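Q: Could you take a close look at one part of this model for me, the helix packing together with the pocket? I would like the cut-offs spelled out as you go.

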Amino acid sequence: MEYASFLVMIAIVSIAYIEISKLKAQITQLQKQVNELCRLTNHEQLSCYTISDELKELALHLKNSGKETEAVKKIREATAMPLIEAKQYVDRL
């Protein structure tokens, strides 16, 4: 009986993990869409990844100094932006 209840618990946890992973992926996709809409409508202050003018200047300075990796790191630390998006942001500066 204990073995069966253990298997049921493992199944429930596995299903919950899969569903949570799907929801995280959906949220990430929605955040990207909202951020893109904010960018296209010039309302970047509403974006999930709002970047202050000071941080933008710092990232631009680091990029121009040949420290692009450091610029990406600073953007990610301040905004929790995914690596690829932070790299694309720095590339657009």
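A: Happy to! A pocket here is an open set of points on a 1 Å grid over the protein atoms alone, where a 1.4 Å probe fits, with protein on both sides within 12 Å along at least five of seven lines; lining residues have an atom within 4 Å of a point. Grid points are joined across faces, edges and corners, and a volume is the space filled by probe spheres set on the points. This is a predicted model, in which local features need pLDDT of at least 70, side-chain atom pairs count only at pLDDT 80 or more, and totals for chains, interfaces and linings use all residues. Residues are numbered from 1 along each chain as its sequence is written, and side-chain values use heavy atoms, leaving out hydrogens and water.

The largest pocket has a volume of about 540 Å³. It is lined by 21 residues, with N35, R39, S47, Y89 and R92 the closest to its centre. Helices (DSSP runs of H or I, at least four residues, numbered from the N terminus) contribute too: α1 (2-40) and α4 each supply at least two lining residues. The lining splits into seven nonpolar, seven polar and seven charged residues, with Ala, Val, Leu, Ile, Met, Phe, Trp, Tyr, Cys and Pro counted as nonpolar, Asp, Glu, Lys and Arg as charged, and the others, Gly among them, as polar.

Now to the packing of α4. Helix α4 (residues 83-92) packs with helix α3 (residues 68-79) at an angle of about 120°, their axes 9 Å apart. Axes are lines fitted to C-alpha atoms over the stretch in contact, and angles run from 0 to 180 degrees between N-to-C directions. That angle makes α3 oblique to α4; under 35 degrees counts as roughly parallel, over 145 as roughly antiparallel, 65 to 115 as roughly perpendicular and the rest as oblique. Their contact (heavy atoms within 4.5 Å) involves E68, A71, V72, I75 and R76 of α3, and L83, A86, K87, Y89, V90 and D91 of α4. By class, these contact residues are seven nonpolar, no polar and four charged.
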